[in-house]
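Look over the sequence and the structure below. Then work through the briefing, topic by topic.

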Amino acid sequence: MAFPLAFSPLRTGADNNSVNMNETLPAAKFWLVQRLDNILISNGMTQSLADLITFTCAVAAIVLLVWLINFLGGRLIANVISVIARKSATKWDDFMVKRRLFNKLVGLFSAMVVMASITTLFQGYSHTLIKANEIIVQVIIVWYVVAIINTMMDVINDVYESNPAGRSKSIKGYVQTAKIFVVVIGIILSVSVLFDKSPANILLGLGASAAVGTLIFKDTILGFIASIQISAQDMIRLGDWIEVPARAANGVVIEINVNNVKVRNWDNTISLIPIYSLVSAPFVNWRGMEESSGRRFTRPILIDVESVRVISKEEMETIAENKYVKPFADNMMRIFSSYNGSGIATNLGLYRAYLEASLKQNPLILEGAMVNHLPLGENGPSLQLYAFTKEKSWNPHEKIVSEITEHAVAMAPVFGLHLYQRPQSKAIEPMETAARSAWAPGANFAAGMAGGAGVAGITMAATKEVSSDKDKAAAVDLDDVDASGLEMG
C-alpha cells in the first residue's frame, strides 16, 4: 500500500484541516482500530505514530484475512472438489479442476473481501488513500473475472474436444478469438477504473487507433476469417493427414487455433502453418482416402521390348501349368480371352492377364483392380498395376504393395519377358574400351578397315572384340550387315 505524500494517515478532527481542507472524512475510525489508537495514545504515543501503527495493523489484518481465504479455499475446498470430480462420471468437473477454475473463484472471492474490508478497516483515514486502494483492488477483480471467463471457455473447448464430434471439427479458433475479445474488454474496463472515465468514452477514443490495431492484429484477423472458411467448408479436422508442399509439411494435424495449424510430420518434426495460407495455397487432405474403403496404389512395370513375342497355344498351356501360375490360370485365361480380339497371343498380353488375375484373387485387394498399358515412351512398353488395398495405414499398405510388386517382377521370366532397366556402368565400360582400341593404330584398326571403309568397319571390329571377351549373346552381331551399304564414300 502506498502512503500519500507528507503522510500521517488522516484522522477525524481539526488536526486534519492542515493537510487537506477539501477532503470529507468519516466521523470516526473502525471501532477496533479506534480502540487500539486510544490505547497507544494513552500510553504516551504521539497521534501520528499511533495512526501509522493502527494503519499497519489494518493492512496486516486484511493480508491475514486474504491468506486464510486462499488457504481454506485454495487448499482444502479445492482439494475436496478435485476428489469429488475424479469420482464423478461427468467430464465438466474434471476439466474445471484441470484448468484450476475453483482456485480462480477463490481468488475472486478474496479480492471482493478485500474490497469490502478497505472501506471498513480504513474508515477514518485519508479519502485519497482509500480511493487509491479501491482502484487497485477493482482492477484486480476485473482481471480475475477475465481469467474466470477465459477458463470457462477453455473448459467448454476441452469438453467439446473430448466428444467424437469435437475430434472431427475444432472450435479452438473461435474460443481463442472470443478470449481475445474478453481480454480487450478487460483492458478497457481497467483503463476506465484507473482514469475514472466511462468505457463508452474510451471506446470512442479507440476509434482513431483502429488502423494501428488492424496492422498489429493483421495475422489474427486473417486467421480468424480463414478459420471461419475452413470450418464452414470442413477443409481440415484434428487428426487429418495433410500435405502442404509449399511449407514442406506432410503429417497429421494435432492442433488448430486462430493463428496457425500445427502438423506433426512423419519424421516427428512439428510444422506450424499459418491458417490463412491454407486458404490461399494448395494442399492435399488425405481424409477422403482414410474414410473410404481402401487406399489406392499404382506401380509401373517396364518391359524390355526385345523380349515381347508371339506365343503358340502349346506355350500358353505350358505357362498355365507352371506351379506358380496354376492357381490363377482359370482367371488368367478368361481375362486374356475377353480382350484378345485379334486372336494373336503374345507373352506380354498373357502376362498382363496373369497380373490382373492375381490382383483380383488377392484377399487384401478390393474389387476393381486392373492392369493397363502406359503410353509408349523411350523406355519401351510398360504395364501399370492399379488397385486399392483394404489396409489404409501406411505401414501395412506399403507391405502389401511391396509384396505384389516383388511377385510381378519375379514372375516375368516365366512368360519369357525381361524387365527393362538402364544399362549399368559395368556393361558400358567394356564397349567403351573396345571402341577406343578400335580407333588405335594396329591390327584392330586394320581389321576394321578391311571389313569396310569408314564407320561401319570400325564398328564391326569393336563389336567382334567385345564378343570375344564377353558373352556373345549380349553383344550386337553385325556380321550380317552389308558393309558396303554403310560406307561413307
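Which residue's side chain meets that of arginine 299 in a salt bridge? The partner is glutamate 398, at 3.7 Å from N to O. A salt bridge here is a side-chain nitrogen of Lys or Arg within 4 Å of a carboxyl oxygen of Asp or Glu.

This is a predicted model, in which local features need pLDDT of at least 70, side-chain atom pairs count only at pLDDT 80 or more, and totals for chains, interfaces and linings use all residues. Residues are numbered from 1 along each chain as its sequence is written, and side-chain values use heavy atoms, with hydrogens and water left out.

**Salt bridges**

- Side chains of opposite charge can pair when their charged atoms come close.
- A search of the whole structure finds eight salt bridges.
- The pair of arginine 299 and glutamate 398 links distant parts of the chain, 99 residues apart. Arginine 299 lies in strand 6 (residues 295–302), and glutamate 398 lies in helix 16 (residues 394–411).
- Helices (H or I, at least four residues) and strands (E, at least two) are DSSP runs, numbered from the N terminus.
- Arginine 299 is partly exposed, because its relative accessibility is 26%. Glutamate 398 is also partly exposed, at 28%.
- The cut-offs are these: buried means under 20% relative accessible area, exposed means over 50%, and partly exposed is in between (1.4 Å probe, protein chains only).
- Another salt bridge joins arginine 309 to glutamate 315, with the closest N and O atoms 3.1 Å apart. Arginine 309 is partly exposed at 39% relative accessibility, and glutamate 315 is partly exposed at 29%.
- Glutamate 255 and lysine 262 form a salt bridge too, with their closest N and O atoms 3.5 Å apart. Lysine 262 has a relative accessible area of 25%, so lysine 262 counts as partly exposed.

- Two strands pair if DSSP finds at least two bridges between them.
- Strand 1 (residues 241–244) runs antiparallel to strand 2, and four bridges join them. Glutamate 243 stands opposite asparagine 250 in strand 2.
- Strand 1 and strand 2 form a hairpin with four residues between them. In that turn, alanine 248 has a positive phi of about 55 degrees.
- Strand 2 (residues 249–256) is antiparallel to strand 3 (residues 260–265), with five bridges. A hairpin of three residues joins the two strands.
- Valine 252 has arginine 264 in strand 3 as its bridge partner. Isoleucine 256 stands opposite valine 261 in strand 3.
- Strand 3 also pairs with strand 4 (residues 270–274), in the antiparallel sense over five bridges. Asparagine 260 has proline 274 in strand 4 as its bridge partner.
- In a regular strand the side chains alternate between the two faces of the sheet.
- Serine 271 sits in strand 4. Why is serine 271 called buried? Its relative accessible area is 12%.
- The side chain of serine 271 makes a polar contact with the side chain of asparagine 265, at 2.8 Å. A polar contact is a pair of N or O atoms within 3.5 Å; within protein, one must be able to donate a hydrogen and the other to accept it, and residues adjacent in sequence count only if both atoms are side-chain atoms.

**Positive phi in loops**

- Asparagine 268 is in the loop between strand 3 and strand 4. Its phi is near 70 degrees, a positive value in a residue other than glycine.
- Asparagine 268 is exposed, because its relative accessibility is 58%.
- Aspartate 196 is in the loop between helix 7 (172–195) and helix 8 (199–206). Its phi is near 55 degrees, again positive in a residue other than glycine.
- Aspartate 196 is exposed, with a relative accessible area of 66%.

**Helix 4**

- Helix 4 (residues 101–121) has 21 residues, so at 1.5 Å a residue it should span 30 Å. Its end C-alpha atoms are 30 Å apart, which agrees. The expected span is 1.5 Å times one less than the number of residues.
- Buried residues of helix 4 include Leu101, Val106, Gly107, Leu108 and Leu121.
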